[in-house]
Amino acid sequence: MERQRTTGKLLATQGYVIGVEISGSGLRQSVALADLNGNILYQVRRPLEYIPDSQTVLRLLDEMLTEVTDPERLCDGRILRVGVAVGGLVDASRGVVRTLRHAHGWDNFPLQDYLVERLDVPCIIDNNANAAALAEVESGAASSSGGEGGNRKAERVVLYVGLGRGIGGGLVVNGKIYQGITCTAGEIGHMQVKENGPKCSCGGYGHLEAIASTQAISRTMIGLSVEYPETEAAIRRLTGARAERITAEQVFQLSAAGDPIAQHVVEDVHTYLGTALANIVFLMNPGMIILGGQLALVGELLIAPLQARVDNLCLPIVGQSVRIVQSEHGSEANIIGAVTLALQDV
Ligand SMILES: [Zn+2]
């Protein structure tokens, strides 16, 4: 099923684009070769178990680029653009990585210039949640390929929320990423939602990320369970006696199975994430909120209570038009987002 792209300046009919995904944690690093319809033809991943410095990432990136751009793969023309989705603060207008939290050597790194020099191809970089948001609008949950313009109006203002080890947001308005004045629009992970709440990775307290990220959920669950033997036993059963490895999805499973401590943790996620989303709905009046990242894989266990919370907090006339849905690109949203960034500019 081929879909006509309607945005961007599609002048080329032959060639390829490259998508690059970089995360601060080292867990998500990949390079993909795609055709001009956005189909990924070849992809390399080099995940790391530790937080790498920029030199390590750039060396891996070089190796992956060499593999992906092997002349044997490029029988239908040359590479026209590179798109990069970065899991950190990015100044998209200047092509500079401002910072990758936890990772060293990235502050004000001119990644766009670096890649242009390396590949001799125009390059566009952006934050990963922005890229994922664009991908969902172009070819995912908010794309118009599903129906004959059935939901077009709702897709004009779309918020994507990436719920992983961190929390990021991307806003797409009329088909374009909304950047704000200094390219930091959508950084909703550091909104304060709970006064005197838990400490955040940024040093602040009570931020959304400190309550509703996958890391925060696991950490809170482990911390609370030590005083409740039954809950501890349930965690041990679920994790094969490696309680420290409990995932956020497993916390949601325990909650659904009736564990009161897990239910408490999950309720906090619904409450504070719901509050943040409702506040954004009042300001932006989006037609869709798309939940992505690892936590979104729990599906309705997250979506239904959040929709109810947003409906409850918003005036009916404000809240009734917004639909909360699951990302269609799932764990591939960032790399598909990188490819989509490149295609926007072809
Ligand atoms: Zn924070």
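**Figure 1. R28 and its salt-bridge partner.** R28 is partly exposed, with a relative accessible area of 28%. The model shown here and in the other views is predicted. R28 forms a salt bridge with E21. The closest N and O atoms of the two side chains are 2.7 Å apart. E21 counts as buried, because its relative accessibility is 4%, and the cut-off for buried is under 20%. R28 falls in the partly exposed class because its 28% lies between the cut-offs of 20% and 50%. By the rule applied, the count for the model comes to 8 salt bridges. Side chains of opposite charge can pair when their charged atoms come close.

**Figure 2. E67 and R46, a link between helix 1 and a loop.** E67 and R46 form a salt bridge, with 3.6 Å between the closest N and O atoms. E67 lies in helix 1, while R46 sits in the loop between strand 3 (40-45) and helix 1, so the pair ties together parts that are 21 residues apart in sequence. E67 is partly exposed, at a relative accessible area of 28%. R46 also counts as partly exposed, at 26% relative accessibility. A network of salt bridges links R46, E63 and E67.

**Figure 3. R118 and D62, a link between two helices.** The side chains of R118 and D62 meet in a salt bridge, 2.7 Å from N to O. R118 belongs to helix 2 (residues 111-119) and D62 to helix 1, so this pair ties together parts that are 56 residues apart in sequence. R118 is partly exposed, with a relative accessible area of 30%. D62 counts as partly exposed, at 28% relative accessibility.

**Figure 4. V57 in helix 1.** V57 is found in helix 1, which spans residues 54-68. V57 counts as buried because its relative accessibility is 3%, and buried means under 20%. V57 and E138 are 81 residues apart in sequence. Their C-alpha atoms are 29 Å apart in space.

**Figure 5. The largest pocket.** The largest pocket holds about 1,400 Å³ of space. Its lining has 48 residues, and the closest to the pocket centre are S25, G164, R165, G166 and T214. Helix 5 gives the most to the lining, with 5 residues. Several elements each supply at least two lining residues, among them strand 1 (16-23), helix 3 (128-139), strand 8 (157-163) and strand 9 (167-173). By class, the lining divides into 13 nonpolar, 25 polar and 10 charged residues.

**Figure 6. The largest cavity.** By the rule applied, the count comes to 1 cavity of 30 Å³ or more. About 50 Å³ of space lies in the largest cavity. Its lining is made up of V90, N127, N130, G169, C183, T184, A185, G186 and E187. These divide by class into 3 nonpolar, 5 polar and 1 charged residues.

**Figure 7. A nonpolar patch on the surface.** F282, L315 and I317 form this patch. Together the three have about 330 Å² of accessible area. I317 is found in helix 10 (residues 316-319). I317 is exposed because its relative accessible area is 65%, and the cut-off for exposed is over 50%.

Conventions. Residues numbered from 1 in each chain as written. Predicted model: local features only at pLDDT ≥ 70, side-chain atom pairs only at ≥ 80, totals over all residues. Heavy atoms only, no water. Patch = residues over 30% accessible without salt bridge, like charges linked within 9 Å, V, L, I, M, F, W, Y side chains within 5 Å. Areas by Shrake-Rupley, 256 points an atom, 1.4 Å probe, with all protein chains shown as cover. Salt bridge = Lys/Arg side-chain N within 4 Å of Asp/Glu carboxyl O. Helix = DSSP H or I, 4+ residues; strand = E, 2+ residues; numbered from the N terminus. Buried < 20%, exposed > 50% of the residue type's maximum accessible area, 1.4 Å probe, protein only. 1 Å grid on protein atoms, 1.4 Å probe; cavity = no way out; pocket = protein on both sides within 12 Å on 5 of 7 lines; lining within 4 Å. Points joined across faces, edges and corners; volume = space filled by probe spheres on them. Nonpolar A, V, L, I, M, F, W, Y, C, P; charged D, E, K, R; others polar.
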